[in-house]
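My entries follow in the order in which I looked things up.

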Amino acid sequence: MTTDSSLKRGLAVLRLFAEHPPHDPRGHTAAEVAALLGRERSQVSRVLRSLETARFLRRDPASLRYAVAWELYARAQQVTEARLRRDGRTALEGVAADTGECSYLGVLRGASSVTILEAMPPALSSFVSWVGRGYPAYCSDAGQALLFDADRPEIEAVFARTAFVRHGPNTPADLEDFLARLDAARRRGYTVVDQEAEPGLYSLAAPVRDFRGEIVAAVQVVGPRHRLEPATTSCAESVVRWSAWLTAALRSADPDSDPGPGSGD
C-alpha cells in the first residue's frame with residue numbers, strides 16, 4: 001500500500017465521519033465504516049487504527065467504536081476560519097468586479113450579523129468601512145442568509161431578547177414577518193433586503209457553508225436601491241455564484257483553490 005493510497009483511504013474515512021454522523025454517540029464500528037465505504041473490514045480497520053494513532057480519531061474502549069477526536073475539529077475550524085478570510089477576499093473582489101458595488105462577508109454573532117471582510121470598487125473606495133461592525137440580524141443585509149438552515153425554535157432562540165425596532169420603511173415588524181421573508185428567500189435561493197436596514201438601502205446575500213455543510217458566513221452586495229434594484233437579477237447571479245465558489249473552497253482538500261468561477265474560460 002503506497003503512501004498516496006494510504007492518505008486517500010484515510011481522507012475517505014474522515015470524510016465519511018463528516019458526511020455520515022454515527023447514530024451511536026460513541027461513534028462508528030469498523031464494520032459500519034467498511035459497509036458505508038464498500039471496503040473490506042480488515043483494510044478499514046488498519047486505516048482506523050492509523051487515524052487513531054495520529055489522533056484524528058478516538059476509540060471508545062468499551063464499545064470499540066471510533067469517533068472524530070476533538071483535536072481534529074479544532075484544527076479543522078482553525079483552517080476553515082483562515083480560508084474563509086483568504087478565499088473570502090477573492091469572492092468579494094469577484095462580486096465587486098461583477099456588480100460595481102460594495103461587497104461584504106458577514107457572520108452571525110448572537111442576534112447580530114457582523115462584517116468581517118469587505119471589497120469596494122475603486123469608484124466607491126471612499127465609503128466608510130463596516131468591518132467589525134454589527135447590525136441586528138432581523139433587518140441586516142446578511143441576517144436572513146445566515147439563518148437559512150435554522151428552524152423556527154432556533155430562530156426564536158436567536159431573537160428571544162430582541163425588539164424588532166424599525167430601522168427603515170420595510171423593517172420586519174415582528175418574528176412572523178421575518179420568518180415569512182426568510183421562507184421566500186429560501187425558495188428564491190438568495191435574500192433581498194429592500195430598505196429594511198435603512199431608507200434607500202438595497203442588498204442581496206447568499207449563504208456560505210463549511211466542510212460540515214453548516215452555514216458560517218454570507219456573501220453580500222450592498223448599495224443604493226436606485227442602482228441595485230434594477231440590477232437584481234445580475235447581482236443575484238454574482239452573489240450566488242461566488243458564495244457557491246467560496247463554499248467549494250472551504251470544502252476543498254487542496255490548499256491552492258482555483259482563483260474563481262469561470263476563471264479558466
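Predicted model: local features only at pLDDT ≥ 70, side-chain atom pairs only at ≥ 80, totals over all residues.

**Entry 1: the chain overall.** I looked up the secondary structure of the protein chain and found nine helices and eight strands. Its C-alpha trace spans about 65 × 45 × 30 Å along the principal axes, and 44% of the 265 residues count as buried. Among contacts with a separation of 6 or more, I noted that 58% join residues 24 or more positions apart.

**Entry 2: the hairpin of S6 and S7.** Strand S6, residues 191-194, pairs with S7 in the antiparallel sense over four bridges, and I found Val193 standing opposite Ser203 in S7. The two strands form a hairpin with six residues between them, and in its turn Gln195 has a positive phi of about 55°.

**Entry 3: Thr191.** I then looked up Thr191, whose place is in strand S6. Is Thr191 buried or exposed? Its relative accessible area is 0%, so I count Thr191 as buried, the cut-off being under 20%. Leaving aside neighbours within four places in sequence, I listed its contacts as Asp141, Gln144, Ala145, Phe148, Ala185, Ser203, Leu204 and Ala205.

**Entry 4: Ala163, for contrast.** Ala163 sits in the loop between helix H6 (152-158) and helix H7 (175-188). Its relative accessibility is 52%, and because exposed means over 50%, I count Ala163 as exposed. I also looked up its distance to Tyr138, which is 25 residues away in sequence, and read 9.7 Å from C-alpha to C-alpha.

**Entry 5: strand S3 and its partners.** I found S3 mostly covered, with six of its eight residues buried. S3 pairs with S8 in the antiparallel sense over five bridges, with Gly106 opposite Ala218 in S8. S3 also runs antiparallel to S4, to which seven bridges join it, and the bridge partner of Val107 in S4 is Val114. The hairpin of S3 and S4 has two residues between the strands, and there Gly110 takes a positive phi near 65°.

**Entry 6: the cores.** Which residues have the most contacts inside the largest nonpolar core? I found Leu105, Leu204, Val219 and Leu246, in a core of 28 residues. The elements that give two or more residues to this core are helix H4 (70-99), strand S3 (102-109), strand S4 (112-119), strand S7 (201-209), strand S8 (215-224) and helix H9 (232-251). Its largest share, seven residues, comes from H9. Apart from this core lies another, of 20 residues, among them Ala145, Phe159, Phe164 and Ala205.

**Entry 7: the cavity.** How many cavities of 30 Å³ or more does the count give? It comes to one, and about 40 Å³ of space lies in the largest cavity. I listed its lining as Arg9, Ala12, Val13, Leu37, Arg39, Gln43, Val44 and Val47. Helix H1 (3-19) and helix H3 (41-53) are the elements that give two or more residues to this lining. By class, I noted five nonpolar, one polar and two charged residues in the lining.

Methods: Residues numbered from 1 in each chain as written. Heavy atoms only, no water. Core = buried A, V, L, I, M, F, W, Y, C linked by side-chain atoms within 4.5 Å. Buried < 20%, exposed > 50% of the residue type's maximum accessible area, 1.4 Å probe, protein only. 1 Å grid on protein atoms, 1.4 Å probe; cavity = no way out; pocket = protein on both sides within 12 Å on 5 of 7 lines; lining within 4 Å. Points joined across faces, edges and corners; volume = space filled by probe spheres on them. Nonpolar A, V, L, I, M, F, W, Y, C, P; charged D, E, K, R; others polar. Pairing = 2+ DSSP bridges. Contact = heavy atoms within 4.5 Å.
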